[in-house]
Each structure stands twice: as structure tokens, then as C-alpha cells.
Amino acid sequence: MSTAVVVEAPGRHRLVAHEPRDPGPGEALVRVHSVGVCGSDREVYQGNRPEGYVRYPLVPGHEWSGTVERVGAGVPESLTGRKVVGEGFRNCQVCDRCHAGETTLCTAGYAETGFTEPGAMAPTLTLPARLLHPLPDGADLTAAALLEPAACIAAAALKANARPGERVAVVGTGTLGMFAVQFLAAGSPAELLVVGSRPDREALSRQFGATGFRTKDQELPGDFDVVIETAGSADAARTSAALLRRGGRLVLTGIPAPGATGLDPTDLVVRQLEVHTVFGAPPEAWAHTVRVFGAGLLDPLPMVTHELQLAEFSRALELVGSGDPKVGKVLLHP
């Protein structure tokens with residue numbers, strides 16, 4: 001029997017029988033290959049997700065890859081059989097922000113696959129076909145399951161606008177940090193420094209293109225043109241700002257705990273720092289990610305350390321929250 005994970009309420013989940021939902025007009029039915037488990041999935045299970053950003057009961061799963069099985073009316077039949085990934089934000093397409101391509105700022109309200117809409121921790125997922133991004137025929141679907149977090153970092157890389165020959169840095173050595181290294185390395189920087197708290201990530205950082213690595217307790221240089229922060233702490237944000245030259249560009253992607261002490265506004269103004277933030281990925285970032293992945297410039301597989309069956313959802317959450325440095329990206333296979 002096919003089963004799906006349902007989080008009924010904080011701290012409670014069960015496996016339920018799964019019946020595919022036929023695609024309606026404008027929709028597609030995707031057979032899920034792999035689904036990633038991340039910190040926000042733990043937030044959903046623990047009840048730590050901010051109010052309005054989750055709706056129980058819920059099938060989680062916003063990082064996924066799969067193959068289109070059927071399409072609804074108005075969707076090209078040529079999409080059937082294609083390997084795909086898909087955007088999570090269910091934008092309205094008609095507000096000013098959507099028309100500007102800023103779908104993560106849709107004024108119609110927040111709706112996202114795996115949080116307020118059924119997610120991919122199930123054998124199939126039915127969603128608007130306009131959210132799908134076809135992959136090359138030979139794409140590795142296990143690797144492609146990580147393209148959602150990669151797209152969020154692609155949004156950061158596009159905002160950073162790093163130019164060839166600039167000095168760039170990444171603060172944070174988790175999945176997002178390693179994607180940031182790969183995106184920045186593709187832009188031919190003069191120097192690419194990675195700063196983190198885990199010395200064991202140096203080898204992987206250098207494999208992905210870093211030219212230098214330091215832990216946050218070591219003396220850090222300055223005068224970088226661009227810094228992308230991925231660690232998700234106020235301390236990391238301050239470290240990132242300190243790495244920049246005057247007039248440098250900072251992109252924050254991590255989300256610290258509420259009430260965290262932020263950057264010094266006096267420092268930002270006096271040094272004329274350019275600060276950007278990212279929450280989610282608009283279509284431009286998704287298209288960029290799929291293009292870079294298809295060109296072989298993005299390699300997610302070295303970050304995958306555990307692949308489990310869907311019934312091992314509890315074990316996956318334990319691994320993600322364990323703090324074990326040997327745990328990288330955890331994937332579930334329906």
C-alpha cells in the first residue's frame with residue numbers, strides 16, 4: 001500500500017494511505033523520486049513554525065524531485081514523462097509583485113508546498129504545472145532533490161552580483177553554504193574564502209572551489225567585495241559584515257531566532273554597506289539553478305549522507321537535529 005507522512009499537529013504524525021489526486025486544469029501529477037528533510041521540516045513537526053506559515057494537518061516536503069505522470073487540461077502533453085523539480089511558493093500571478101517577478105513577495109498571502117499546501121512526503125504530488133522546471137533527460141533525480149535549497153542560494157548569488165575577479169566569501173558551511181561556494185566559484189572570483197564553525201568542512205569547501213578556509217574563532221581578513229551569509233545566526237551576520245570592504249555587498253539568507261541583536265546601523269551607514277536579504281526563491285533563481293545544474297556546475301550529491309525510506313520520517317528528523325557533523329543532507333524515498 002502506498003503511504004504518505006501526515007503531521008497532524010505539533011509532535012504528532014502518522015503514515016496514511018495515499019491516493020494520487022488527478023490533476024485538474026493547469027495542474028500536473030508528479031511521481032516523487034526523492035524528498036529532502038531540512039530544519040524547517042523539524043519546525044513544522046515541533047510546532048516552531050511562525051503562525052501563518054504552516055497549516056495542520058499537513059503532508060510536509062518542499063525539497064523534491066520527480067517525474068511527471070499525468071497533466072490536466074491546458075498543460076502541454078509534452079511535459080508527461082519529463083524529470084522535474086518545482087517551485088514551492090503558490091503565488092497569485094496577478095499582484096504587482098508577481099508581475100514584477102518577485103513571487104516570494106506575493107501580496108495575496110503566504111502559501112507554499114509542504115507548509116500550507118500538501119508536500120512531497122508521499123508517492124505523488126499534484127501541483128500547478130506553471131511551477132515546474134523540467135530537467136535534462138539524463139539528470140540524477142537524487143541530486144536534483146536538493147535544487148530547492150540551491151535555488152534559494154541562487155537568489156542570493158544573483159543579488160550579490162559578484163563579478164569575475166572580485167574577492168568573495170561565504171559564512172556558514174551547511175548545505176546552503178556549500179551551494180553558495182559553488183555558485184560563487186562559477187563566477188571566477190580572485191579569492192573565495194569560507195568561514196564556518198566546522199573544520200571538517202574545509203575539504204568539501206575546497207572541493208567546491210574555495211581558495212581559503214577559516215573557522216570563526218580564527219583571525220579573519222577584511223576588504224571582501226561580496227559576502228553571502230548562510231549560517232542563520234546574528235553572530236554570523238555580524239561576522240559577515242566585518243569581512244566586507246567599505247561599499248561591499250552583503251546578502252543574508254539565514255533566519256536567526258526572534259529577537260536576535262542585529263547589525264549595527266551606524267557601521268552600515270558609515271561603511272556604506274549594501275545589504276540584501278533572501279527568503280525563498282523567485283522563478284529567475286529557479287531557472288538559474290536548473291541551468292547551472294544542467295551545465296554540470298552544481299554538484300549536490302557530496303552533501304547527501306543519508307537516504308531513508310518514507311516510513312523512517314522520525315529517524316530522519318532525529319538525524320537532522322542531531323548536531324552530528326557526519327550528518328549532511330538527509331533524503332527520503334517514497
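Visitor: What is the relative accessible area of N161?

Guide: N161 is classed as partly exposed, a class that lies between buried (under 20% relative accessible area) and exposed (over 50%), with a 1.4 Å probe and protein chains only. The model is predicted: local features need pLDDT of at least 70 and side-chain atom pairs count only at pLDDT 80 or more, while totals for chains, interfaces and linings use all residues. Residues are numbered from 1 along each chain as its sequence is written, and side-chain values use heavy atoms, leaving out hydrogens and water. For N161 the relative accessible area is 40%.

Visitor: Which residues does N161 touch, not counting those up to four places away in sequence?

Guide: N161 lies in the loop between α4 and β8, where helices (H or I, at least four residues) and strands (E, at least two) are DSSP runs numbered from the N terminus. Although 88 residues separate N161 and R249 in sequence, their C-alpha atoms are 8.7 Å apart. Beyond four places in sequence, and with contact meaning heavy atoms within 4.5 Å, N161 touches E166 and R249.

Visitor: Which residues are in contact with T142, leaving aside its neighbours within four places in sequence?

Guide: T142 is found in helix α3, residues 141–144. Its relative accessible area is 13%, so T142 is buried. With neighbours within four places left aside, the residues in contact with T142 are H33, S34, L301, E307, L331 and H333.

Visitor: How far apart are the C-alpha atoms of V59 and A237?

Guide: V59 sits in the loop between α1 and β4 (63–71) and is buried, at a relative accessible area of 18%. Beyond four places in sequence, V59 touches V5, V6, G114, E117, P118, G119, M121 and A122. A237 is 178 residues away from V59 along the chain, and their C-alpha atoms are separated by 33 Å.

Visitor: Which strands are included in what covers the buried residues of α7?

Guide: Helix α7 spans residues 234–242, and its buried residues are A234, A236, A237, T239, S240 and A241. The cover over these buried residues includes β8 (167–171), β11 (224–229) and β12 (244–252).

Visitor: What is the volume of the largest cavity?

Guide: On a 1 Å grid over the protein atoms alone, a cavity is a set of points where a 1.4 Å probe fits but cannot get out, a pocket is an open set with protein on both sides within 12 Å along at least five of seven lines, and lining residues have an atom within 4 Å of a point. Points are joined across faces, edges and corners, and volume is the space filled by probe spheres set on them. By this rule there is one cavity of 30 Å³ or more. The largest cavity, lined by H62, G88, F89, E112, E148, C152, G280, A281 and W286, has a volume of about 50 Å³.

Visitor: Which helix gives the most to the lining of the second largest pocket?

Guide: The second largest pocket has a volume of about 380 Å³, and of its 17 lining residues the closest to its centre are E102, T104, L105, K159 and P282. Helices α4 (147–160) and α9 (283–294) each supply at least two residues of this lining. With three residues, the helix that gives the most is α4.
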